[in-house]
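Please open the model in a viewer and keep the sequence at hand.

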Amino acid sequence: MSLTQSTPFQLNQWWADAVIYQIYPRSFSDADSNGVGDLQGVRRQLPYLEQLGVDAIWLSPFYLSPQADAGYDVADYRVVDPLFGDMNDFDGMLADAHSMGIRVIVDLVPNHTSDNHEWFREALTAAPGSEARERYMFRDGSGENGELPPNNWQSIFGGDAWTQVDDDQWYLHLFDTRQPDLNWENPEVREEMESVLRFWLDRGVDGFRIDVAHGLIKADGLPDWDTKSSMVEGSGNTKAPPYFDQDEVHEIYRSWNKVLSAYDGDRMLVAEAWVEPAERLFRYVRPDEMQQAFNFGFLLAGWDAARMASSVEESLEEAGKVRAPATWVLSNHDTVRHSTRYGLLDPTTFPKGISAANEQPDEDLGLARGRAAALTMLALPGSAYIYQGDELGLPEHTTLDASVRQDPAFLRTNGEEIGRDGCRVPIPWTADAPGYGFSAGAPDSVSPWLPQPDSFARYAADQQVGVEGSTHDLYRKALSVRAERKLGQGTLTWTNVHAPSDGVLSYRNGGLTVLVNTGTDAVELPQGAGVVLVSQPDAISNGSLQPNGAVWLV
Ligand code: GLC
């Protein structure tokens, strides 16, 4: 382990050390009281985010969409879906955020459109080989009469990755049938997506989160691939499938880099790329490509000091080689929330959803570890993402009824894969209001689009904001110390007093010593150390950091 590691960067761009808060609009805050969150809801909670101390927000898709994959199936990239409001709502929200010094990142979904997109509707009525079909991945079938799919690729959500149309051709969809893959070899597709980038840049957005950034280019000849791939888990397989992480994909991001650099104000791109090993991931953030790539290796490390340490070390090393910041994340709208994962018997496992039939987490233990993991992440050099509700210590809904689940991954696997609904449950704002205040002023007949568990009362924002010792209070203080000490721009030095193999992670940054205890024995604090922040009031006793705790010391 090399002793000192930093984000080796000319850190004058805002995003290099930013704390960015992910908003999943349908589940954040519902202003028009129909049970689904919206842009006015986001707007009215901006003061809450300002007070929390985040630098930016990233909004999951709010564009026109039949919502077959909760908006990751876009029918028109330039229109706000009425479910979320209209363009005035967007502009108003953007202006308010900017006036508070909060930047705004929007989601771009370039790998596929919705089947409702006008291009795809045109393609369906056009003939095989036509220009309209060339925008997508149409192929003739295999088998004697073309009755079999063109190859054996499986959808990430389960089932075949091909669907046959009336004239017997097949089209590729790495995700749901209703999410046809675009043909990125076609210049028209490239031009259109660059025009979409410009459309939102002109409106004033500060950046884009690029959905499935590693998926746009498919290997020549679409060769068979025998392993089913999953987005959200480490495959442990460093050879990418023929539909992910192809070298030619980088040309696209070089071109987008040029689009962004024509604008003022350090606009940025962050890659959602589930790519291994770290060396391959950091190719997406070479100086002439994107600015950030989510560090899913850290997310997948789980509650385990040795795994966290090696992920941090590898990331900082690879980030250094390409002069990019590391970008940390613990949870998002595709993963079981980390405070729930950490409450499982094996806190390094990564289930694809949890139902009542599965092992249930120890909620208090998971929360204690989740808070400690926040202190672990927020003192690291680089940028950090918070998923809405992380700052409340919100757990996954682990007992959602099958009848209310909406994730296409659940539906396409007949429930074999539980899916992602459990981390998408609407945020509790007020403990004693119907729907925990998610839809303010809604009549009794309106309930949140996914039911909230009873336990959400204790996590509600109004129970935590301004309450000493709450999870919200911990996050707010951590963000404030992080900003004051410029931890995101700092240099990490491993202290090596304790070994990660003993369950203890320990590093210095910005004059702080960070101590994290994932082991089973208490760890003595250094003589004379002063406590700046501790993950839980009872995490320190008898001068020692207890298991499942973390502390920032001076
Ligand atoms: C990304 C999104 C996920 C979506 C998928 C298909 O992984 O984060 O929510 O289902 O892409 O667009």
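## A first stop: Asn542

Select Asn542, which counts as exposed because its relative accessibility is 79%. The model on display is a predicted one. Asn542 sits in the loop between β20 (540–541) and β21 (544–545). Its backbone deserves a look: phi is positive, about 50°, although Asn542 is not a glycine.

## Two further backbone features

Next, select Asn414, in the loop between α13 (408–412) and α14 (456–459). Asn414 is not a glycine, yet its phi is positive, at about 50°. Is Asn414 buried or exposed? With 75% relative accessibility, Asn414 counts as exposed.

Then move to the peptide bond from Glu276 to Pro277, which is cis, with omega near -10°. Pro277 belongs to the loop between β11 (268–271) and α8 (278–281). As background to these stops, most residues other than glycine have a negative phi, and most peptide bonds are trans.

## The whole chain

Zoom out and colour by secondary structure. The chain has 15 helices and 22 strands. Along the principal axes, its C-alpha atoms fill a box of roughly 75 × 55 × 50 Å. How does the radius of gyration of the chain compare with that of a compact globule? For 554 residues, a compact globule would have a radius of gyration near 24 Å, and the 23 Å of the chain agrees with this.

The chain exposes about 19,900 Å², of which carbon and sulfur atoms supply 46%. Of its 554 residues, 62% count as buried.

## The ligand and its shell

Select the ligand and display the residues around it. There are 15 of them, and Asp69, Asp211, Glu272, His333 and Asp334 come nearest. By class, this shell consists of seven charged, five nonpolar and three polar residues.

- From Glu272, a polar side-chain atom lies 2.7 Å from an oxygen atom of the ligand.
- From His112, a polar side-chain atom lies 2.9 Å from an oxygen atom of the ligand.
- From Arg209, an N or O atom in the side chain is 2.9 Å from an oxygen atom of the ligand.

## Arg133, a buried arginine

Select Arg133, in helix α5 (residues 131–134). Is Arg133 buried or exposed? Arg133 counts as buried because its relative accessibility is 2%.

Show the side chain of Asp167 as well. A polar contact of 2.8 Å joins the side chains of Arg133 and Asp167. To see the surroundings, leave aside the neighbours within four places in sequence: Arg133 is then in contact with Ala123, Leu124, Ala126, Ala127, Pro128, Phe138, Val165, Asp167 and Gln169.

## Two serines

Select Ser155, found in the loop between β7 (138–139) and β8 (162–164). Ser155 counts as buried, since its relative accessible area is 0% and the cut-off for buried is under 20%. Where does the side chain of Ser155 reach a backbone oxygen? The side chain of Ser155 reaches the backbone oxygen of Leu174 at 3.5 Å. Beyond neighbours within four places in sequence, the contacts of Ser155 are Asp160, Ala161, His173, Leu174, Phe175, Lys228 and Arg412. For a distance across the fold, draw a line from Ser155 to Val80: 75 residues separate them in sequence, and 28 Å separate their C-alpha atoms.

Ser501 counts as exposed because its relative accessibility is 63%. How far apart are Ser501 and Ala305 in sequence and in space? Although 196 residues apart in sequence, Ser501 and Ala305 are 7.0 Å apart in space, C-alpha to C-alpha.

Technical notes:
Residues numbered from 1 in each chain as written. Predicted model: local features only at pLDDT ≥ 70, side-chain atom pairs only at ≥ 80, totals over all residues. Heavy atoms only, no water. Near = heavy atom within 4 Å. Polar contact = N/O pair within 3.5 Å; in protein donor to acceptor, adjacent residues only side chain to side chain. Nonpolar A, V, L, I, M, F, W, Y, C, P; charged D, E, K, R; others polar. Helix = DSSP H or I, 4+ residues; strand = E, 2+ residues; numbered from the N terminus. Rg over C-alpha atoms; globule rule 2.2 N^0.38 Å. Buried < 20%, exposed > 50% of the residue type's maximum accessible area, 1.4 Å probe, protein only. Areas by Shrake-Rupley, 256 points an atom, 1.4 Å probe, with all protein chains shown as cover. Contact = heavy atoms within 4.5 Å.
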